[in-house]
Amino acid sequence: MREFNRFYTNLIGALDYSRHLHTPYTLTEARVLYELVHTPRRDAADLRAALSVDAGQLSRMLARFEERGLVRRRPSELDARRVRVELTDEGREAARLLEERSQSAVGSLLDGVAAGDRERLARSLRTARGILAGDGDRADDKTETDDKTEGAGAGRVRLRGPRPGDLGWIVERNASVYAEEFGWDATYEALVARIVAEFAAEHDPAREAVWIAELDGRRAGCVMCVADGAPETARLRLLLVDPAARGHGVGERLVDECAGFARKAGYRWLVLWTNDVLAAARRLYQRAGFELEGEQRHRSFGHELTGQDWRLRL
């Protein structure tokens, strides 16, 4: 493991991150910007927990960011003892540039990898991540579906079917998270409620399903697989990872489970519709192999948005 760590850190330039990507930010600073751009409103305490950064180090870093005009800090609306951190326009642009250069660097790294080896590499990385995270069932790239929630280890992610109250939770958490993070209005909650009600009223258990993700026994996310109007096509709907559970691979587990179910159910395609502002979800779909089919501007949920259609061959 130490030999691999030395090889990989040299390969990606982790020890000289700023020079490697031609940016003024260290690797830790870049990680903070990444967290902030993908969860637009975060408390400093959440950042410390997500990144395992020393409180003093994070405070000094945020002070530097504030001096450069990259972030704003203010008391949290929910708890005045906590500090809410938000990116400014300049901070979002800095994060965008970092993302662009990071993507370019990874693309260059993979240029020399044969197409047939890329999927093998991706599977190996997922296996290593699962084993080291203590999620042994991921070692063979399988997903555990377990109705038990007691006794889960730290950071343990489990998927299960819905129980009484779970469908209502899906509506509530979708409405709350998207209102908090993107300012979406009640029309989004109404849409989610209709989708959930249709599923509850009539669905084919052999061809349609919903999963609840749990992190250490607490609900952490959800996703739904339903039949689409097109032949041999399933649709992924209502993927959500609760903000408190991000960074534990919950979204990846949910997307993989949905795709695996659709494949076993005999579908040839898995499709979904999302909006371009949901950058973190979009990266999940790309990693799972979805391809963008089209975009369209629309006004929904109180905002001007760009909708996106994605498709995965199963």
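Visitor: What does the side chain of glutamate 86 make a polar contact with?
Guide: With the side chain of arginine 74, at 2.5 Å. Keep in mind that this is a predicted model.

Visitor: And where is glutamate 86 found?
Guide: In strand S3, which covers residues 83-87.

Visitor: Is glutamate 86 buried or exposed?
Guide: Buried. Its relative accessible area is 13%, and the cut-off for buried is under 20%.

Visitor: OK, switching to rings. How many aromatic pairs does the structure hold?
Guide: There are 10 of them. One of these is phenylalanine 182 with tryptophan 184, with 6.0 Å from centre to centre.

Visitor: What's the geometry of that pair, phenylalanine 182 and tryptophan 184?
Guide: Tilted, as the planes of phenylalanine 182 and tryptophan 184 have 40 degrees between them. Tryptophan 184 is buried at 6% relative accessible area, while phenylalanine 182 is partly exposed at 23%.

Visitor: Which ring does tyrosine 188 pair with?
Guide: Phenylalanine 301. That pair is edge-to-face, with 75 degrees between the planes and 5.1 Å centre to centre.

Visitor: Where in the chain do tyrosine 188 and phenylalanine 301 sit?
Guide: In distant parts, 113 residues apart. Tyrosine 188 is in helix H9 (residues 186-201), and phenylalanine 301 is in the loop between strand S9 (291-300) and strand S10 (303-313).

Visitor: Are those two buried or exposed?
Guide: Both come out buried: tyrosine 188 has a relative accessible area of 9%, and phenylalanine 301 has 7%.

Visitor: So which residues form the aromatic cluster?
Guide: Tyr178, Phe182, Trp184, Tyr188 and Phe301 form one cluster.

Visitor: Last topic, the surface. Which residues form a nonpolar patch there?
Guide: Met1, Ile131 and Leu132, with about 380 Å² of accessible area together.

Visitor: Where does isoleucine 131 lie?
Guide: In helix H7, residues 115-132. Isoleucine 131 counts as partly exposed, with a relative accessible area of 47%.

Methods
Residues numbered from 1 in each chain as written. Predicted model: local features only at pLDDT ≥ 70, side-chain atom pairs only at ≥ 80, totals over all residues. Heavy atoms only, no water. Helix = DSSP H or I, 4+ residues; strand = E, 2+ residues; numbered from the N terminus. Buried < 20%, exposed > 50% of the residue type's maximum accessible area, 1.4 Å probe, protein only. Polar contact = N/O pair within 3.5 Å; in protein donor to acceptor, adjacent residues only side chain to side chain. Phe/Tyr/Trp six-rings, centres within 6.5 Å; stacked < 30°, edge-to-face > 60°. Patch = residues over 30% accessible without salt bridge, like charges linked within 9 Å, V, L, I, M, F, W, Y side chains within 5 Å. Areas by Shrake-Rupley, 256 points an atom, 1.4 Å probe, with all protein chains shown as cover. Salt bridge = Lys/Arg side-chain N within 4 Å of Asp/Glu carboxyl O.
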